[in-house]
Amino acid sequence: MYAFDFVRPTSVADAVAALGEADAQALGGGQTLIPALKQRLASPSTLVSLGAIAEIRGVCLDDDGRVCIGGGTTHATVARQAAAHYPALAAMAGRIGDPAVRNRGTLGGSLANNDPSACYPAAVLASNATVITNTRRIAADDYFQGMFTTALEEGELITEVRFPVPQAANYQKFVQPASRFALTAVFVARFADGVRVAVTGASEEGVFRWTEAEAALSDSFTPGALAALSVPADGMIDDLHGTPEYRAHLVRVLTGRAVAAAG
Amino acid sequence: MTKVSMRVNGRPVSAEVEGRTLLVQFLREGLGLTGTHVGCDTAQCGACVVHVDGRATKACNVFAMDCDGAEVATIEGMAAPDGTLSPIQQAFQDHHGLQCGFCTPGMVMSAAALLDENPRPTEAEVREYLEGNICRCTGYHNIVKAILAASGQPVAVAAE
Amino acid sequence: MPKDHAPKDRGIGASSRRREDVRFLTGTGRYTDDINLHGQAHVAFVRSDVAHGRINAVDTEAAAAMPGVLRVFTAADFASAGGIPCGWQVTDRHGAVMKEPKHPILADGKVRHVGDPIAAVVAETYEQARDAAEAVVVDIEELPAVIDMKAAIEDDSPLVHDDLGTNLCYDWGFVEDNKAKVDAAFKAAHHVTTLELVNNRLIPNAMEPRVAVGDYAFGTGDHTLYTTSQNPHVIRLLMGAFVLGIPEHKLRVVAPDVGGGFGSKIFHYAEEAFVTFAAKALRRPVKWTCQRSESFMSDAHGRDHVTKIELALDAEGHFQAIRTETYANMGAYLSTFAPSVPTWLHGTLMAGNYKTPNIYVNVKAVFTNTVPVDAYRGAGRPEATYQLERVIDMAAREMGMDPIELRRKNFVTEFPYETPVAVVYDTGDYHATMDKLIEIADFAGFEARRAESAKKGLLRGLGINCYIEACGIAPSQLVGQLGARAGLYESATVRVNATGGVVVMTGSHSHGQGHETSFAQVISEMIGIQEDQVEIVHGDTANTPMGMGTYGSRSIAVGGSAMVKAATKVIDKARKIAAHLLEASDADIELKDGKFSVAGTDKSVEWGAVTLAAYVPHNYPLDQIEPGLEETAFYDPSNFTYPAGAYACEVEVDPDTGKVTVCRFAATDDFGNIINPMIVDGQVHGGIAQGIGQALLENASYDADGQLLSGSYMDYAMPRADDVPFYTVDHSCQTPCTHNPLGVKGCGEAGAIGTPPAVVNAVVDALQRAGHTHVTHIDMPLSPARVWAAMQTN
């Protein structure tokens with residue numbers, strides 16, 4: 001990898017200051033960024049590690065019953081500590097990558113990168129979560145803006161994400177056999193005021209909501225409610241591992257399975 | 001260059017490193033602990049798994065400076081000082097859980113982390129936990145058996 | 001070893017724990033990348049990012065001025081060096097020798113595949129070398145690339161090597177004289193089954209990436225190369241004689257602990273020659289450590305055949321004839337043994353386990369703008385087995401016959417058996433391995449398991465197949481006639497120390513096979529001493545006799561035989577010494593349990609006393625024999641060995657996603673005699689996983705421009721622990737090899753050969769049983785997307 005300076009601030013304020021330098025880049029758990037650096041796909045002047053900032057780590061419940069997770073919290077911690085509050089979210093976190101990756105990779109890092117095959121974006125979007133940064137709050141529907149693109153400004157840091165807890169939820173991930181990222185995955189969350197369905201891994205535009213399914217499932221939260229629906233293959237990812245038609249098909253299959261599993 | 005300090009296998013160590021120095025480079029090149037291997041550059045093969053503060057970590061996918069102050073355990077620290085193999089290491093030998101030996105350090109370190117979290121895993125749990133450790137030689141059969149045996153569960157011994 | 005006998009605690013047949021495990025389990029193995037020499041510099045290669053192009057200029061000036069850079073090398077620096085040689089010359093069906101292109105160490109004039117090395121930067125550190133490599137300015141005029149094999153031999157195809165005038169390396173017919181008879185048999189046949197298939201390109205992916213460290217001693221002029229090799233002597237010979245012009249006595253090649261090979265570390269690679277050359281040029285040790293992403297475009301790939309096979313049968317299902325036409329991808333250059341793989345390692349196996357009277361095999365080997373293709377675990381034999389066992393399954397279905405009965409009806413049962421494709425099976429019992437398979441795979445319980453799967457909405461299928469392989473490669477005179485530019489013997493020196501300990505220096509090389517344990521078991525058995533009295537030394541040309549190395553499941557059959565031969569010489573000499581000490585005739589001396597005794601008496605002398613006498617010859621027949629106890633032997637086999645077996649696979653297919661799960665896998669193998677059952681089981685396990693990998697997961701895929709789409713583990717699917725089940729393996733069916741002293745056949749490749757057809761047969765069976773009767777074949781890998789797509793077509 002290219003040479004860079006490495007700083008390890010202990011507060012959000014110091015991290016934001018460090019990120020103000022030209023070509024500085026934040027380092028979460030590094031599980032995606034470090035391989036990219038090895039391939040020399042990025043050349044930051046300074047890498048600002050967020051690994052020593054205690055204030056952005058942890059899982060708790062707020063007064064509204066939302067699960068609040070610090071941006072620097074690892075997937076393994078979410079899998080353990082969110083299980084009692086939001087089992088579907090914890091289960092999703094417990095299947096990202098592999099155990100060693102889950103011990104380093106973080107919620108904030110995943111969301112900031114917004115890989116089109118990542119798991120967290122589906123959970124955040126389906127849960128209608130709020131992404132909180134050092135400067136503002138961003139609704140999930142506004143946050144994701146296409147493959148590897150988000151609403152984050154330069155130097156803006158995800159400090160926390162607040163997840164409303166649905167009445168029922170489930171995440172179904174069909175893995176790409178090599179990377180074990182999602183070939184296609186669906187997060188279904190049923191709230192009192194309706195159902196949200198978020199799909200990752202499938203679209204060239206990154207994570208998206210399948211609104212037709214949401215409407216049908218809001219009327220009847222059963223797999224059968226999807227019977228007449230289909231997802232257009234247009235805009236779906238076409239690669240070695242699946243055609244657009246295959247991915248479109250998987251969206252429907254996995255949504256049905258998620259509904260059945262959520263009960 | 002910046003000074004980084006940590007404890008490796010219980011021994012305090014410190015050295016000047018570059019920002020881009022990975023933990024695995026610090027261990028292999030800096031400390032001469034060449035038991036931790038590098039088998040890929042996309043953080044998938046798991047030959048480099050060590051424990052950082054008790055948790056399985058891919059040493060090729062974490063910077064040395066992010067381990068400042070950490071407690072790091074590597075394959076070299078697994079056997080007793082007199083050379084007696086740990087129960088997991090011994091199970092790998094008894095059950096022929098290794099062939100070329102290249103993935104083995106990572107396998108043993110992942111197995112140790114698994115049994116720490118889940119002392120009596122099922123076969124399926126062992127296989128799932130090894131998602132980030134690739135072996136090309138054994139077909140995993142005897143690795144899974146070795147880990148089940150190391151957990152104290154009855155498994156027919158390969159070496160008999 | 002019969003299962004009802006008590007397990008042995010040492011020697012032949014014992015599942016001795018592996019001694020090499022202790023160093024591997026404690027992180028104290030010594031792999032090539034663990035070697036760091038004083039003053040060592042590092043190299044980074046500038047590799048082509050286009051598949052085909054003309055090099056107009058390589059400007060190294062800026063790179064040479066970068067921090068830490070010692071020197072930048074280009075093709076011009078190797079003007080006096082030879083190219084990377086090919087070790088096998090195939091003669092085509094018209095009697096002409098194959099087209100053999102030049103293979104320079106660094107690309108000269110043209111680049112021919114993505115990853116082709118153009119320049120090499122040596123610097124103080126690896127990162128400095130990488131930094132400077134980016135500053136090398138390469139002016140390449142990109143040319144149209146040819147990737148598809150059939151397109152490559154069209155008249156208008158771009159030429160990979162302009163000077164050859166064609167992309168056809170050879171057009172091989174085997175046996176050419178059989179062709180007319182075969183064609184006639186097809187005309188007369190009751191039924192013909194035809195199958196077109198792809199044997200997918202694989203990337204071997206030994207877990208240890210390749211590494212090479214070159215060193216040069218100015219005081220003596222000695223070169224040393226440390227390298228990740230399966231055969232250090234072969235590298236010494238090829239690189240010394242053909243590439244760099246270094247006499248073998250001034251070149252030492254060391255292959256220390258090697259982290260798996262699977263064929264990919266047989267070959268002599270440009271990087272090995274480079275570091276050896278550069279170490280002398282720079283007066284510094286030079287190290288190259290391959291990054292995994294670099295290995296995807298610099299290690300030889302495997303398989304990559306496109307085949308049409310036809311099987312002719314009579315009304316009762318007796319095989320009448322087999323005719324095949326195969327396109328075999330050589331890639332951009334001929335790797336060391338590439339030409340032999342689709343020919344002599346493939347065509348000779350097309351009879352399989354069956355007495356088919358007429359066989360004709362045609363192979364067109366083709367150059368394309370892809371990474372060179374060469375032997376990968378099984379090498380030619382998996383390709384033969386896959387075609388044959390798939391087409392037999394298809395024929396059984398078309399003729400309404402049971403696939404097992406159809407196979408049984410055609411089994412070879414009389415041995416020795418000379419096939420119509422020029423090999424003689426010395427021994428085997430294919431009904432026995434099939435009987436055992438039916439038992440251990442619990443075919444009787446299949447329908448109940450299928451019903452359980454159906455309750456979960458899953459489609460269960462059962463696939464079986466047989467295989468035969470030719471191993472222990474092989475008689476030097478024969479392979480010489482077939483075009484090998486090497487002998488294929490093996491060597492061993494058995495050195496007995498004064499106190500009775502034994503050191504065996506073998507030309508075989510262990511990179512996971514456990515020779516240090518199993519070879520010691522053989523010596524322990526022969527002499528009757530404990531295994532820890534025996535040390536096995538391998539991997540260093542400085543202290544082992546000229547050997548051909550380890551591949552083709554040849555180590556115990558050829559290397560083990562050489563060791564037995566040398567040990568027999570040692571024992572014969574020791575017997576003479578013992579006879580002298582015991583004042584008896586040689587002919588009356590017996591060796592048992594480490595003791596020489598006079599037959600029919602209680603007079604005896606310990607092994608250690610005899611060995612001491614050999615080195616302290618105070619009371620010794622010096623007028624008849626020399627002091628010392630050390631012998632070398634070379635063993636050249638008189639035939640291949642023919643391991644064979646039968647495999648069964650059960651799968652569940654998810655009809656909604658196409659995902660295939662391997663639920664059960666059983667393998668029966670006849671390996672002849674077994675030295676260490678535990679190690680043999682482990683070899684089969686590993687081969688099965690690689691076979692499942694080929695069948696379901698692995699695929700080296702290029703786009704039309706020659707970019708490798710599966711260029712890392714992000715897209716190249718390696719089998720993981722949760723992709724495979726526990727396997728049931730059995731090797732109790734044993735028909736010992738008739739022509740080597742141990743009666744052994746070799747076990748390293750069987751799993752990779754026998755597994756892919758079982759998996760594919762099982763998936764097709766599952767779909768057929770579920771009513772997808774139009775699905776008669778799906779090309780590997782049977783990814784979820786491919787299986788789902790196949791199900792959509794009716």
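**Stop one: a bridge in chain A**

Select Arg209(A), which is partly exposed, with 28% relative accessible area. Keep in mind that you are looking at a predicted model. Arg209(A) sits in strand E12 (residues 208–209) of chain A and Asp141(A) in helix H8 (residues 140–143), so the pair ties together parts that are 68 residues apart in sequence. Asp141(A) counts as partly exposed too, at 37% relative accessibility.

**Stop two: where chain A meets chain C**

Stay with chain A, but show chain C as well. The contact takes 21 residues from chain A and 24 residues from chain C. The area buried between the two chains is about 1900 Å², and carbon and sulfur atoms give 51% of that. Pick out Arg40(A), Arg180(A) and Leu240(A): together they supply 30% of the area that chain A buries against chain C, more than any other three residues.

Which salt bridge does the side chain of Arg180(A) make with chain C? Its partner is Asp722(C), at 2.8 Å from N to O.

Then step along to Asp723(C), in the loop between helix H17 (677–697) and E28 of chain C. Buried or exposed? Asp723(C) counts as buried, at 17% relative accessibility. The side chain of Asp723(C) makes a polar contact with the side chain of Arg180(A), at 3.1 Å. Leaving aside neighbours within four places in sequence, Asp723(C) is in contact with Arg180(A), Ile692(C), Leu697(C) and Met718(C).

Hide chain A and select residues 26–144 of chain C. An unreviewed UniProt entry places the feature "domain: Aldehyde oxidase/xanthine dehydrogenase a/b hammerhead" here. Over this stretch the chain is 10% helix and 29% strand, and the end C-alpha atoms are 51 Å apart.

Within that range, zoom in on Glu100(C), whose side chain meets that of Arg485(C) in a salt bridge (2.8 Å, N to O). The pair links distant parts of the chain, 385 residues apart: Glu100(C) is in the loop between strand E3 (69–73) and strand E4 (110–111), Arg485(C) in the loop between helix H13 (476–481) and strand E19 (490–496). Glu100(C) is partly exposed at 32% relative accessibility, and Arg485(C) is partly exposed at 39%.

Now try Glu749(C) and Arg381(C), whose side chains also meet in a salt bridge, 2.8 Å from N to O. Glu749(C) lies in the loop between strand E28 (727–730) and helix H18 (750–769), Arg381(C) in helix H9 (residues 381–399), and 368 residues separate them. Glu749(C) is buried at 7% relative accessibility, and Arg381(C) is buried at 3%.

For a whole cluster, select Asp442(C), Arg449(C), Lys456(C), Arg460(C), Glu650(C), Glu652(C) and Arg664(C): salt bridges that share partners join them into one network. Over all chains, the count of salt bridges comes to 71.

**Stop four: the nonpolar cores**

Bring chain B back for this one. The largest nonpolar core has 190 residues, and those with the most contacts inside it are Phe92(B), Val653(C) and Phe665(C). H18(C) gives the largest share of this core, ten residues. Centre on Val653(C) and list what it touches beyond four places in sequence: among them are Leu458(C), Leu459(C), Val763(C), Ala766(C), Leu767(C) and Met791(C). A second, separate core of 45 residues includes Ala492(C), Ile556(C), Ala567(C) and Tyr635(C).

**Last stop: helix H10 of chain C**

Finish on helix H10 (residues 403–410) of chain C, where Ile404(C), Leu406(C), Arg407(C), Arg408(C) and Asn410(C) are buried. What covers the buried residues of H10(C)? The cover includes strand E13 (305–313), strand E14 (319–331), H9, helix H11 (430–440), strand E18 (459–468) and H18 of chain C. Then look at the N-terminal end of H10(C), which Asp402(C) caps: a side-chain oxygen of Asp402(C) lies 2.9 Å from the backbone nitrogen of Ile404(C).

How values were computed: Residues are numbered from 1 along each chain as its sequence is written. Chains are lettered from A and ligands numbered from 1 in the order in which they are written. This is a predicted model: local features need pLDDT of at least 70, side-chain atom pairs count only at pLDDT 80 or more; totals for chains, interfaces and linings use all residues. Side-chain values use heavy atoms; hydrogens and water are left out. UniProt positions are given in the numbering used here, feature names are shortened, and annotations may be inferred rather than shown by experiment. Helices (H or I, at least four residues) and strands (E, at least two) are DSSP runs, numbered from the N terminus. A salt bridge is a side-chain nitrogen of Lys or Arg within 4 Å of a carboxyl oxygen of Asp or Glu. Buried means under 20% relative accessible area, exposed over 50%, partly exposed in between (1.4 Å probe, protein chains only). A nonpolar core is a set of buried Ala, Val, Leu, Ile, Met, Phe, Trp, Tyr and Cys residues joined through side-chain atoms within 4.5 Å. Contact means heavy atoms within 4.5 Å. Buried area is the accessible area (1.4 Å probe) that two parts lose on being put together, summed over both. A polar contact is a pair of N or O atoms within 3.5 Å; within protein, one must be able to donate a hydrogen and the other to accept it, and residues adjacent in sequence count only if both atoms are side-chain atoms.
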